[in-house]
Amino acid sequence: MSTKVLISGASIAGPALAHWLGRYGFDVTVVELAPALRGGGQDVDFRGTTHLTVLERMGVLDELRALGTGGSPITFVGPDGRRLLHLPAEFAGGDVEVPRGELAQLLHRRSSDRAEYVFGDSITALEETPNGVRVAFRRGAEREFDLVIGADGLHSTVRRLAFGPEDRYVRHLGYYAATWQLPNDTGLAPGSVGLNVPGRLAAVGADHRDPTRAGAFFLFASPELVHDRHDPGQQKEFVRSAFDGLGWEVPRLLESLRAAPELYFDSISRADVPEWSAGRIGLLGDAACGATIGGMGTGTAVVAAYVLAGELARARGDHRTAFARYERLLRGYAQGCQKGGDRTGPFLAPRTAAGLRVRNALLNRRWVLDRMLALGKQVSSVELPDYEAESAVGR
């Protein structure tokens, strides 16, 4: 009988893991709190040999290249609209950049024929038994699985239930970010233009696929806010308060926020979990070693899904051996990538006028940009086993 695995989370890490586990013959169920796949969100990128190798082994690299945005340049301007700094497409876009929602849909299509997806439900309790994990759900009937994997992001429910409260593992890095969609009624071009003042960035750019739509990206420095993560009204008020009084396009963008049907709002934070597994329960992606923005979290999640599934297949479902190998191979790599998230807020919105001037002076020099791009590719590299080739030799 095949090993039964429950994955919590159907964003990126969960479907990527479901794809590989299904390919290896595991019996996979994915549970997701949202009623359907989540659309929207920022574009996400892959960079370096490790990311591209895993995408190629998945068989999705060519399709992702076809979906690619070509990268997202950003121009920073001051309150008078004068250009302060321009970052070219490859700086943020890496080797392949795609809309996050389209990546999620692709991974769901690639895994749904081998995995059961349950939307609109969530895990409420986990109890490890001698032979598995008994799982209670908010809506569905209780079920038992051999393994449970938390691929449910920085605010992971699985981590909270199995490892302890979120505040043990997640650290606020001093900034918040918000994104939403709005009509492109002023003829914006693809790529973003953003007002940059100390501690704040308000950017907007046309949608790469639909020129009638645009996307706003706001980032601001703030102490940790006490709020309900499921209350968009409260979150919109935080954004309005943080940007009240700024000129340029900010008043128009804040007005569009009132009618926005979907808002992504979260702190820029990082998760650090001393051990990525506890018994039959493991963590994947941001739940284990996450950074909200700038830590190459999407690429790391896809790589980690490949390794976790490969090690479970190699160990024939022996979770103790597989979890130990998975963490030993990836922890250093994931933490190296994660460090980029520590710098995202101060980079995009330095807190002082002097900090803004120094950043702009440095990055207006092409050799500095080239050096940063090269370092990013070095960080995102790790030597990976070829699990399918090993399996073929074993047969």
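The expected span of a helix is 1.5 Å times one less than its number of residues. Keep that rule in mind for the first stop. The model on your screen is predicted.

**Stop 1: helix α7**

Select residues 232-243, which form α7. This helix has 12 residues. From its first C-alpha to its last, α7 reaches 17 Å, close to the 16 Å expected.

Now look at the start of the helix. Asp-231 caps the N-terminal end of α7. One of its side-chain oxygens lies 3.1 Å from the backbone nitrogen of Gly-233.

Which residues of α7 are buried? Color Gln-235, Lys-236, Val-239, Arg-240, Ala-242 and Phe-243. Turn the view until you look down the axis. The buried residues of α7 fall within an arc of 165 degrees, so they line one face of the helix. An α-helix has 3.6 residues a turn, so residues three or four places apart point the same way.

What do these buried residues pack against? Show β12 (170-183), β14 (200-206), β15 (213-221), α8 and β16 (264-271).

**Stop 2: the loop after α7**

α7 is followed by Gly-245, with a positive phi near 95 degrees. Next, select Trp-248, in the loop between α7 and α8. Trp-248 also has a positive phi, near 55 degrees, and is a residue other than glycine.

**Stop 3: helix α8**

Select residues 250-259, which form α8. Its buried residues are Val-250, Leu-253, Leu-254, Ser-256 and Leu-257. They cover an arc of only 155 degrees around the axis, so they sit on the same side of α8. Turn to the face away from that buried side. There you find the exposed residues Arg-258 and Ala-259.

Now bring back the surroundings. The cover over the buried residues of α8 includes β12, β13, β14, β15 and α7.

Show α7 and α8 together. They pack at an angle of about 170 degrees, with their axes 10 Å apart. That makes α7 roughly antiparallel to α8. Which residues meet where the two helices pack? From α7, display Lys-236, Val-239, Arg-240 and Phe-243. From α8, display Val-250, Leu-254, Leu-257 and Arg-258.

**Stop 4: Asn-184**

Go to the loop between β12 and β13 (191-197), and pick Asn-184. Its relative accessible area is 12%, so Asn-184 is buried. Its side chain reaches the backbone nitrogen of Leu-188 at 2.9 Å. Leaving aside neighbors within four places in sequence, Asn-184 is in contact with Ala-206, Pro-211, Thr-212, Arg-213 and Ala-214.

**Stop 5: Tyr-326**

Select helix α11, residues 319-342, and find Tyr-326 in it. At 2% relative accessibility, Tyr-326 counts as buried. What does its side chain reach? A polar atom of the Tyr-326 side chain lies 2.8 Å from the backbone oxygen of Leu-283.

Show what Tyr-326 touches, not counting residues up to four places away in sequence: Trp-276, Leu-283, Leu-284, Ala-304, Val-307, Leu-308 and Glu-311.

**Stop 6**

Select residues 353-363, which form α13, and pick Leu-356. Its relative accessibility is 8%, so Leu-356 counts as buried. Not counting residues up to four places away in sequence, Leu-356 touches Asn-196, Val-197, Pro-198 and Pro-350.

Finish at Asn-364, in the loop between α13 and α14 (366-379). Asn-364 counts as partly exposed, at 45% relative accessibility. Which backbone oxygens does its side chain reach? One belongs to Leu-84, at 3.1 Å. Another belongs to Asn-360, at 2.8 Å.

Now show Leu-85. The C-alpha atoms of Asn-364 and Leu-85 are separated by 6.3 Å, though the residues are 279 apart along the chain. Asn-364 touches Leu-84, Leu-85 and His-86, not counting residues up to four places away in sequence.

Technical notes. Residues are numbered from 1 along each chain as its sequence is written. This is a predicted model: local features need pLDDT of at least 70, side-chain atom pairs count only at pLDDT 80 or more; totals for chains, interfaces and linings use all residues. Side-chain values use heavy atoms; hydrogens and water are left out. Helices (H or I, at least four residues) and strands (E, at least two) are DSSP runs, numbered from the N terminus. Buried means under 20% relative accessible area, exposed over 50%, partly exposed in between (1.4 Å probe, protein chains only). The arc is that of the directions from the helix axis to the C-beta atoms. Contact means heavy atoms within 4.5 Å. A polar contact is a pair of N or O atoms within 3.5 Å; within protein, one must be able to donate a hydrogen and the other to accept it, and residues adjacent in sequence count only if both atoms are side-chain atoms. Axes are lines fitted to C-alpha atoms, for helices over the stretch in contact, and angles run from 0 to 180 degrees between N-to-C directions. Angles under 35 degrees count as roughly parallel, over 145 as roughly antiparallel, 65 to 115 as roughly perpendicular and the rest as oblique.
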